[in-house]
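Subject: Structure handover and findings

Hello,

Here is the structure we talked about. Please open it alongside this note; the findings follow below.

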Amino acid sequence: MKHQSRPDIAAKWFGEYLAANRKKFAAGDDVDGLIEDANAAIAKKDYRKAGRALVKARDLEKKNGLDSIVEAELAKLNGIGETIVAEAKEAEAAGDTSLALRILGKVTRGFRGLPVYDEAVALRKEWEK
């Protein structure tokens, strides 16, 4: 049996497929752009902007039924927040509660919606007593 090339059938199938998934592809491009924006914000240490971009990207993924690639980026951002919380804990252990609270402020302002935010809020309440 020989292979029969039918570019007309292939072109029709791809055209229909692309038309049917046009919104999904556009949403995927938007997610990619938001991830790029978030990474640029992280490089500038603008964690609030990065978090907002990644949350928006995650919402786009969910709304359009896309496979998640944002969760890994959110985990990286959360890791940065954990490093900042560790600095605050070191300051608190050294007896400088004022500095520790200022450091935690970075997390409570810039990491809303991430697990590290909840940890920072709890520590802030504990240390403000």
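Contact here means heavy atoms within 4.5 Å. Helices (H or I, at least four residues) are DSSP runs, numbered from the N terminus.

This is a predicted model: local features need pLDDT of at least 70, side-chain atom pairs count only at pLDDT 80 or more, and totals for chains, interfaces and linings use all residues. Residues are numbered from 1 along each chain as its sequence is written, and side-chain values use heavy atoms, with hydrogens and water left out.

**Helix 3**

Start with helix 3, residues 47-64. It has 18 residues. From first C-alpha to last it reaches 26 Å, close to the 26 Å expected at 1.5 Å a residue. The expected span is 1.5 Å times one less than the number of residues.

Its buried residues (under 20% relative accessible area, 1.4 Å probe, protein chains only) are Tyr-47, Ala-50, Gly-51, Ala-53, Leu-54, Ala-57, Arg-58, Leu-60 and Glu-61. What covers them includes helix 2, helix 4 and helix 5 (97-110). Just after helix 3, Gly-65 takes a positive phi of about 65°.

**Helix packing**

Two packed helices are described by the angle between their axes and the distance between the axes. Axes are lines fitted to C-alpha atoms, for helices over the stretch in contact, and angles run from 0 to 180 degrees between N-to-C directions. Under 35 degrees counts as roughly parallel, over 145 as roughly antiparallel. A crossing is left-handed if the near helix is turned anticlockwise from the far one by less than a right angle.

Helix 2 and helix 3 pack at about 165°, with axes 8 Å apart. That makes helix 2 roughly antiparallel to helix 3. Their crossing is left-handed. On helix 2, the contact residues include Ala-27, Val-31, Leu-34, Ile-35 and Ala-38. On helix 3, they include Ala-50, Ala-53, Leu-54, Ala-57 and Leu-60. The residues of this contact of helix 2 with helix 3 divide into 13 nonpolar, one polar and six charged. Nonpolar covers Ala, Val, Leu, Ile, Met, Phe, Trp, Tyr, Cys and Pro; charged covers Asp, Glu, Lys and Arg; the others, Gly among them, are polar.

The axes of helix 3 and helix 4 come within 9 Å and cross at roughly 155°. The two helices, helix 3 and helix 4, are therefore roughly antiparallel. Helix 3 passes helix 4 in a left-handed crossing. Helix 3 contributes Tyr-47, Ala-50, Gly-51, Leu-54, Ala-57, Arg-58 and Glu-61 to the contact. From helix 4 come Val-70, Glu-71, Glu-73, Leu-74, Leu-77, Ile-80 and Ile-84. By class, the contact of helix 3 with helix 4 has nine nonpolar, one polar and four charged residues.

Helix 2 (residues 22-43) and helix 4 (residues 70-93) pack at about 15°, axes 11 Å apart. Helix 2 and helix 4 are therefore roughly parallel. The crossing of helix 2 and helix 4 is left-handed. Val-31, Ile-35, Asn-39 and Ile-42 of helix 2 meet Val-70, Glu-73, Leu-77 and Ile-80 of helix 4. The contact of helix 2 with helix 4 counts six nonpolar, one polar and one charged residues.

**Two single residues**

Lys-45 lies in the loop between helix 2 and helix 3. Its phi is positive, about 60°, although Lys-45 is not a glycine. Lys-45 is exposed (over 50%), with a relative accessible area of 62%.

Arg-109 lies in helix 5.

Best regards

Notes:
Parallel < 35°, antiparallel > 145°, perpendicular 65-115°, else oblique.
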